[in-house]
Structures are given as structure tokens and as C-alpha cells.
Amino acid sequence: MDLLYKIFLDPFVQMGTAPDLLVQTLWEGLVAGVLYSLIALGFVLIFKASGVFNFAQGIMVVFAALTLVGLHEHGVPAFVALALTIGVMFCLAFAVERLILRPLVNQPDIILFMATFGLTYFLIGFGELIFGGETKVMIADQLLLPRGAIDVKMAGGFVSLQKIDIAAAIIASIMVATLAIFFQRTRIGRALRAVADSHRAALSVGISLEQIWVIVWFAAGLVALTTGIMWGARSDVSFALEVIALKALPVLILGGLTSIPGAIVGGLIIGVGEKLGEFYWGPLMGSGIESWFAYVIALIFLLFRPQGLFGERIIERI
Amino acid sequence: MRATGGREAAVGDVLLSAENVSLSFGGVKAVSDVSFDIRKGEIRAIIGPNGAGKTSMLNVINGFYHPQQGRITFKGETRANMRPHEAAYGGIARTFQNVALFRGMTALDNIMAGRTLKMHSSFFWQLLRYGPAMREEVEHRHRVEEIIDFLKIQEIRRVPVGRLPYGLQKRVELGRALAMEPELLLLDEPMAGMNLEEKEDMSRFVLDVNDHYGTTIALIEHDMGVVMDLSDRVVVLDHGIKIADGTPDEVKHNQMVIDAYLGVAH
């Protein structure tokens with residue numbers, strides 16, 4: 001009886017009595033969610049256009065952030081380093097297409113998936129070789145990202161909003177809106193979706209697979225760079241960041257592998273769910289539930305909506 | 001364009017010629033030493049029993065397969081190994097035997113995808129979907145709407161093609177190929193699996209495309225009635241070898257063709 005009370009009633013009583021804490025927790029959750037969304041977005045982009053589940057997306061985030069910081073450490077001005085990093089991400093996309101995708105064209109998806117594993121370990125080794133394995137600090141100030149916090153009076157108390165988080169949310173929103181429109185309503189976007197649907201039909205209307213793959217991996221690289229900057233500005237830049245790729249999995253299950261809005265909403269739900277769970281239900285289990293709670297949410301969704309919230313309906317004519 | 005007398009009147013210069021084309025997969029000879037030409041403005045049929053190498057021939061023409069021997073000359077240019085998107089760029093469009101559409105996309109988007117090569121605004125504007133990219137979308141949408149009207153598929157514009165019945169999918173696929181404004185249109189069994197009414201509709205569209213747009217058409221078809229009605233000239237393949245080439249009437253009375261279709265007593 002006591003336990004039931006603690007699980008089903010007490011947390012909500014707490015939420016009601018201290019609304020400012022609730023708002024603060026929600027905000028923290030949303031912010032974490034935005035970053036999960038960004039990572040998931042990288043996955044979705046590549047999956048949508050090539051049907052490949054790109055395991056290397058997580059390490060691409062680290063690699064992009066490392067390159068940016070590493071270049072700056074070698075005396076390159078911040079914005080020049082940013083431009084150079086974008087260039088590096090393009091070269092990476094180009095190399096992936098040439099060395100991995102092209103030789104493996106028409107192979108089963110699982111082969112391509114395994115190839116992205118290989119890419120992951122290559123990037124870890126290569127990154128360490130060039131920039132060293134130690135933890136670095138993101139050059140947030142040099143990139144003119146705001147720092148500090150604003151305290152907002154609301155819900156009967158003060159809620160503290162980190163400026164960097166606000167910036168992250170704004171940048172992520174712009175990015176997502178742009179990509180969504182791009183995918184849905186433009187020539188290149190249509191070509192991307194066309195390639196995902198049928199290779200030979202895409203070829204027959206004159207879409208070059210090679211070009212599309214480079215574009216989509218480059219776009220995923222840009223998303224990775226943005227994620228790397230935002231995440232790095234909140235913590236540090238190190239290879240530990242790589243595990244956030246695993247956080248994207250429940251987001252993808254929730255949102256559907258092919259949906260950009262799904263990645264966003266999924267990310268927000270996971271972020272908020274995680275923080276609320278940790279704050280209100282965590283103490284019951286000696287806390288630490290943040291690390292697995294997301295997977296439980298995903299599992300529940302998987303039972304009821306296997307294609308995700310916004311995933312493409314599985315259409316089959318019989 | 002066409003003189004009222006007969007279909008031959010529309011036929012002009014050679015648009016594409018295949019010379020001594022041979023293609024094999026491992027030990028299997030799909031096409032051996034086949035030569036024929038396609039003339040501007042004509043409807044050219046490629047027929048033959050199953051496994052005769054018709055689809056292989058089509059795949060060679062638009063660059064899906066690269067023949068081990070022989071040459072393809074298109075618009076006076078001989079090419080060795082052309083890739084499919086280069087063929088598309090050169091003005092060759094096609095449909096597939098077992099419909100290859102972008103299943104998750106709407107009929108409209110499928111046909112718009114056919115305009116890919118005609119659109120040129122840069123990645124940057126595309127990303128913003130503003131300025132040149134926007135103007136381009138609108139302009140090409142006009143052309144696509146014309147095609148939609150032409151094929152009478154107005155009401156299924158917004159339907160994901162995976163949900164459409166087979167006959168309509170074939171029509172959307174034809175629309176996508178037309179959107180490319182091709183000089184040469186390759187149709188791989190455009191009437192396969194259709195009922196009589198759908199076949200008549202499709203035949204009408206094929207003739208209209210040829211009439212209105214002056215598009216040269218090469219088609220593979222099993223229905224002899226359709227072939228005889230539609231085509232100006234017919235090439236017959238059997239086991240990868242060309243056994244006849246000529247007007248429908250000539251071909252119909254060719255002993256080798258009759259043998260190939262009906263079998264010979266050994």
C-alpha cells in the first residue's frame with residue numbers, strides 16, 4: 001500500500017506542491033531532448049536516403065567536435081576552424097561514398113550496417129591518432145555562443161535557464177525546419193527519398209546515387225558537427241560522448257526511423273521522460289534510473305506502435 | 001504530325017542503333033550479336049518468347065547493363081559504357097516490367113522526381129526553398145500538372161503510390177518517364193497484368209504520347225494484338241538472337257517467328 005502510494009500518488013503531489021521544480025525539471029528534460037533529437041536526426045537522414053542504419057553517427061559527432069577543437073588548438077581562428085571542419089565533414093562524406101558505399105552497392109542492409117561499425121572504429125582510432133585521446137574543452141566562447149543563465153520568475157519560484165541551452169534549442173529548431181522542408185518539397189529532397197525507395201527507378205530518372213549519398217552523408221556530418229558543438233559546450237569533448245549514440249536508439253524507436261519530426265518529438269519525449277523519471281521516481285529505486293528509463297519508454301512504444309509515432313505506415317498490397 | 005495514310009509516314013532518321021550487341025552473365029548468353037535501329041518518331045516493338053533477351057536489350061540501351069561486345073549509337077554518338085543516369089541525361093526514359101515506383105511518395109512527387117534533371121537551382125537555395133528554388137518548383141509543377149491531366153490521374157495526385165491499384169501504378173510510372181521529356185521512351189511490358197479496358201487505355205496513351213510529344217518509343221509487349229496495332233516496326237528476338245525485323249505484317253508471316261512462338265516439331 002505504501003509502495004503504491006509512493007509510485008502513483010506521491011510524485012504527483014510533489015509536482016503540484018512545487019510547480020517551479022516541475023518546470024525546472026521539464027526544461028532540463030527538453031534541453032536534453034533537443035540534443036537527443038539532433039543525434040537521432042543524423043540517423044534518420046542517412047536511413048531515409050540510403051536505408052543504412054549508420055552506427056557511426058555517434059562517433060561522427062565526436063570526430064566533428066574534436067576536429068573543430070583540435071584545429072583551434074593548433075592556432076586556427078575559431079570561425080576558420082569551423083569552416084575547415086565543415087570541409088573535413090564533406091571529405092568524410094566523399095570518402096565514405098567512395099570507399100564504403102560504392103563497393104558495397106546492392107549488398108544486403110546488414111552488410112552496410114556492419115561497414116558502419118568498421119567506420120566507427122576507424123574514426124575512433126584516426127581521431128585519437130591525430131588529436132590525441134585526452135578530454136578537450138569546446139571553444140564555445142570563441143564561437144560566440146552565450147554562457148551563463150537567466151533566472152525567470154514563474155510558477156511561484158525561479159527557474160534557471162542556461163543561455164547555451166536556449167541557443168541550442170533555437171539552432172536545432174531552425175535546422176530541423178530547414179531539413180524538413182528540404183526533404184519534403186525540393187528536387188534534391190525528392191531525389192533523396194527516391195533513392196531510399198528504389199535504386200533502379202531513381203537511376204532511370206537520372207538521379208545519380210553517388211551524388212545523393214555524398215549529399216546525405218554530408219548533411220548528417222553537419223548535423224553531427226552541430227550536435228558536437230552543443231553537447232561539447234555543456235560537458236567536454238571526449239570519446240565518452242560516443243555513447244550518446246546509444247541514447248538515440250530509443251528516440252528512433254519512438255519517432256520512427258524515417259521521420260524527421262519523429263526524431264524531434266521522440267527526442268523531446270525521451271528527454272523529458274528521463275528527467276521526470278529520475279527526479280520524481282528515481283529516489284524510490286536508489287536513483288540512477290536515467291540511464292535505462294529511456295529504453296523502457298521505447299519498449300512500451302514498441303509494443304503498441306512498432307513503426308514509431310511518425311514512421312511511414314507499412315503499406316502492403318496483397 | 002502523322003500523315004493519315006499509315007504509320008510509316010512519321011518515321012525519320014535513325015535515333016538509336018545497336019550494332020552486334022552481345023551480353024552474357026557468366027556462361028548464360030542473354031543477347032548475342034543483335035543489331036537493329038530505332039528511327040525518330042516511330043513506335044518500335046521488341047517481341048519474343050520469355051527469356052528471349054528483350055529486357056536485357058532494354059537494360060543495355062539505358063545503361064543498366066554493359067554489353068561485352070557491340071556498340072550503341074544514340075543521336076549519332078557512340079558510347080561504350082554509359083551509366084543509367086547518363087542515359088537519362090541524354091534523353092532516354094523508361095518504365096519497368098514490374099513497376100519500379102517510389103512507393104512511399106505520392107503520385108505527384110513520383111512524377112516531380114522525373115523532373116530532377118530539368119531542375120537546376122543550387123543546393124543552397126534548395127535548403128532554403130526560396131528564390132530560384134521556389135520559382136523552379138512552381139514552374140515545373142505546371143508541367144507535371146499537364147502530364148497528370150494528360151494521363152487522367154488528377155484524383156490520385158496525393159495518394160502514396162504503394163496504395164494504388166496496379167494499372168494506375170503503371171500509369172504513374174509512365175507519367176514519371178514523360179516528365180523527363182525524353183527523346184526515346186522505353187516501355188517494358190506497359191500492359192502486363194492489365195485487363196482489356198486498362199490495356200486499351202494504355203495503348204491510347206502510348207499512341208497519344210507518340211503523337212502529341214513526338215516521342216520515339218521502344219516497347220516490349222507480349223500481347224500480339226497490341227503490338228500489331230501500335231507499332232511501326234517490330235524486332236523479334238528468340239534465345240538472345242534476332243530472328244526477324246520489319247513491319248508487323250512482315251513479321252507476322254515470318255516462318256521463324258511462327259516457329260519461335262509455336263514451337264517446331266523436331
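The structure is a predicted model, in which local features need pLDDT of at least 70 and side-chain atom pairs count only at pLDDT 80 or more, while totals for chains, interfaces and linings use all residues. Residues are numbered from 1 along each chain as its sequence is written, and chains are lettered from A and ligands numbered from 1 in the order in which they are written.

**Exercise 1.** Find how many residues chain A and chain B bring to their contact, and which helix of chain A gives the most.

Solution. Begin with the count: chain A brings 24 residues and chain B brings 30 residues, where two residues are in contact if their C-beta atoms, placed from the backbone, lie within 7 Å. On the side of chain A that touches chain B, at least two residues each come from helix H7 (163–185), helix H8 (187–197) and helix H9 (199–204) of chain A, helices being DSSP runs of H or I with at least four residues, numbered from the N terminus. With seven residues, H8(A) gives the most to this side.

**Exercise 2.** Describe how domain 1 and domain 2 of chain B are placed and which elements of domain 1 touch domain 2.

Solution. First, take the bounds, which come from an automatic or database domain assignment: domain 1 of chain B covers 1–91 + 182–266, and domain 2 covers 104–179. Next, their centres, taken over C-alpha atoms, are separated by 27 Å. Then, 11 residues of domain 1 of chain B are in contact with eight residues of domain 2 of chain B. On the domain 1 side, helix H2 (84–90) and helix H7 (196–213) of chain B are the elements that give two or more residues, and H7(B) has the largest share, four residues.
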